[in-house]
Amino acid sequence: MVVSRPLKRVKRVVADYYSFNSFGTSACPAGDRTLDGSFRSNIKSFLISYADGPLPTKISSPPFIQRWQVRLRLDHQEEDVFVALHIVEENVRCSDSLYCDHCRVVAGWQENPVCKKRYHFIIQADNVKQQRCTACDTESAQPSASTRCKACELEISRDTDLEDETRLDLEDERHLLHGIIHVNGFGHLLRVNGREGGSRYLFGCDIMGLWDRICIMLKARKISVMDVSKKYGLDYRLLHAVQKGHPWYGNWGYEFGRGSFGTTHETYKRALQYLSKLRLDLVLSSGGFDQQLKQIVSFYRSLSKNPLVTVQDLVCFIMQLLHKFHNHTERKCSWNINKESAESKWAPKVIDEITADMLKVLHVADGTMWITWHDLRGATCNGRDPELLNHALMGLEGKTIGKQIVQCQCNSLTRTLEYRLTDRNNVSIDLKSATGPKQPKEKHVLEDLKTLYHALLHPPSQPPPTADHSPLHHVLISGSLHYGLKEQLWCYGLKEQLWRYGLREQLSKASRNLMDCKQFIKDYEDYEAKHRMITSDSESIRVFAVAEILNGAQTLQKTPPELLIMPRNATIADLKQEAAQAFRDVYICFKNFQVENVRELQNIKDSTTLMLLIGPESVVTVQGHCNGDISKYRAERGTQVWTVNCPCGTREDDGERMIACDNCEVWQHTRCVHISDSEDVPTEYMCEDCNDNSLDVDIDSDHSLLGSSSVSSFY
């Protein structure tokens, strides 16, 4: 929850409010580096030191939920903004959601044992909390004097469906921040909603900065995020990737985790390189795009102080214009240069000569018509540097010749800059501010960005050009262009069409590959290893323990390693005891875990001191047994085993929509079997392999019924 209070009403600064922007850094008490253990121990110390709670249990709170709150203050120019960071501890064994759906689709995490606890980090939306009616799904603000739903008049009971209400609260998509970290240190960032998501005070980068500092402070291990963010109604993971070379979450160290539909990291990098470095001149010369796109490119080239050569340059320039409209505080793109440095490229005399030529052209038109920047530049080019011409056009507005002055406008239909001479008395221009052409309006820039997005960054796939001639049809269908057939294409005049089609297909394929990569991961263990100072601390040693359960058929191999902080005089017996307790605290299936053996230290007495056997940071494997059945809690993916064998090459669940064959029960992507997302999943479905086998069986059956004499009679 975010609330604000005017500064004039604040009588004193509350001591237990931490600064939002510095929380988790060395400038804040929470950044005193005392949390140097594993996440399972750091989260306990964090809640004790910095959070209020556990908060009093409400009637609506189920017994498996406990809540804490950290109070933060966001310094504002006109008012102080107070932000409540809620930490919700979920007892997984008693919860209605035993398995983690987010771990299930992260490669390698689905086999992690089920953790005992999950910690939700939530900043609620600015608006008041809503209560949802279970009958008509209508929300009403709370608290409310009435306990009846305004839509259906149903009595809203506070004592029914308590678990469902809590689940709705945890899954509310309006939260400004919602992250989950399992007690083993693996977690998921579910959502970040800044200004565009409904926040009045917090930008998305502010919220991400806080989340990243919390993860570093608590020693989280790995955090995944599914990037489905939108900006200006467009997929931001595509826009930002083309603009910066990485997704928006990459600003905080998140990297490629896993691609959907069999997309690999190498494919992702090649697609990103292709889209970003594609030259605009190559696109415009192909002739495969409409005139509007050419006008957009030409218009923004005329506005930019630097040449816009690639698609990345153009996207950067448009995004910066939009940031200016929103008074965005992000750093300017690297392509933007100082005006003084641009003017120093050419002597003032050269610029004045070009300006004089342009004024002559406008004088000939006599103010009766607007002259586009393209025509004006073409009339005065005479082999001059195009960048020099653009620079002269930038400063043309406000120039005078006699009693006339140059007026500039942005044509709302063609999005092209236009110039003309008009009488000085008929227009009021502030000559001091007339240092460049008029900027387009925000709505026009947004429309241009969407046009560019759909034309270049995310074009729809199109069928190849066709002709009535069979050789061409054969070429297009087979996909192999032999030399003789290539020569025939010249006869049909379709070589240029094929080239245009190939360019659009490459654009479509590259954008589709980028869109199919939504999962990104930050490895905080790697970050910690790079930034932690290794010291010769005489007080303790760090041991990473991996556990194995040897229960006959219920063998559980290789859990993620748990960090153990041991005194330097600790023995093997102490290591066994500490490791057993650590895994009991983290995983449900290790409830009765007893360590019987340390694989690397076999045949050594338990009384032996560890420092004589291992280094200050070592990995050991502890083996033991657990009482009872552990099959229910052995993996976050659950007890069901899915067989995935998709034509795209995917062999595991990647979170995309799938359909199972009714015969062999093998799962495949609906997109890969030509079922669009807008279509409903058919009630009956058989995969291609089962269809082929069924067809073979039917043919063999028909042949056996016909017999040899019957078959021969058909020919």
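This is a predicted model: local features need pLDDT of at least 70, side-chain atom pairs count only at pLDDT 80 or more; totals for chains, interfaces and linings use all residues.
Helix axes here are lines fitted to C-alpha atoms over the stretch in contact, and the angle between two of them is taken between N-to-C directions, running from 0 to 180 degrees. Keep that in mind for the helix pair below. The chain has 715 residues, and 46% of them count as buried. Its secondary structure comes to 20 helices and 25 strands.

**How H5 and H6 pack**

- Helix H5 covers residues 236–244 and helix H6 covers residues 265–277; their axes sit 9 Å apart and meet at an angle of about 70°.
- That angle makes H5 roughly perpendicular to H6, because anything from 65 to 115 degrees falls in that class.
- As for handedness, H5 and H6 cross in the right-handed sense.
- On the H5 side, the residues making contact are Leu238, Ala241 and Val242, and they meet Tyr268, Leu272, Leu275 and Ser276 of H6.
- Sort the residues in this H5–H6 contact by class and you get six nonpolar, one polar and no charged.

**Aromatic pairs**

- A pair of aromatic rings is described by two things, the distance of the centres and the angle of the planes.
- With ring centres required to lie within 6.5 Å, the model has 22 aromatic pairs.
- Take phenylalanine 39 and tyrosine 119: their ring centres are 6.1 Å apart and their planes stand at 75°, so this pair is edge-to-face.
- Phenylalanine 39 belongs to helix H1 (residues 39–50) and tyrosine 119 to strand E5 (residues 117–123), so the pair links distant parts of the chain, 80 residues apart.
- Phenylalanine 39 and tyrosine 119 are both buried.
- Tryptophan 109 and phenylalanine 186 are also edge-to-face, because their planes are at 75°, with the ring centres 5.1 Å apart; the cut-off for that label is over 60 degrees.
- Tryptophan 109 is in the loop between helix H2 (101–104) and E5, while phenylalanine 186 is in strand E9 (residues 186–192), so this pair ties together parts 77 residues apart in sequence.
- Both tryptophan 109 and phenylalanine 186 are buried, too.

**An aromatic cluster**

- Four residues, Tyr18, Phe23, Phe46 and Tyr50, form one aromatic cluster.

**Contacts along the chain**

- Looking at contacts in the chain with a separation of 6 or more, 68% are between residues 24 or more positions apart.

How values were computed. Residues are numbered from 1 along each chain as its sequence is written. Side-chain values use heavy atoms; hydrogens and water are left out. Helices (H or I, at least four residues) and strands (E, at least two) are DSSP runs, numbered from the N terminus. Angles under 35 degrees count as roughly parallel, over 145 as roughly antiparallel, 65 to 115 as roughly perpendicular and the rest as oblique. A crossing is left-handed if the near helix is turned anticlockwise from the far one by less than a right angle, and right-handed if clockwise. Contact means heavy atoms within 4.5 Å. Ala, Val, Leu, Ile, Met, Phe, Trp, Tyr, Cys and Pro count as nonpolar, Asp, Glu, Lys and Arg as charged, and the others, Gly among them, as polar. Rings of Phe, Tyr and Trp (its six-membered ring) pair if their centres lie within 6.5 Å; planes under 30 degrees apart count as stacked, over 60 as edge-to-face and the rest as tilted. Buried means under 20% relative accessible area, exposed over 50%, partly exposed in between (1.4 Å probe, protein chains only).
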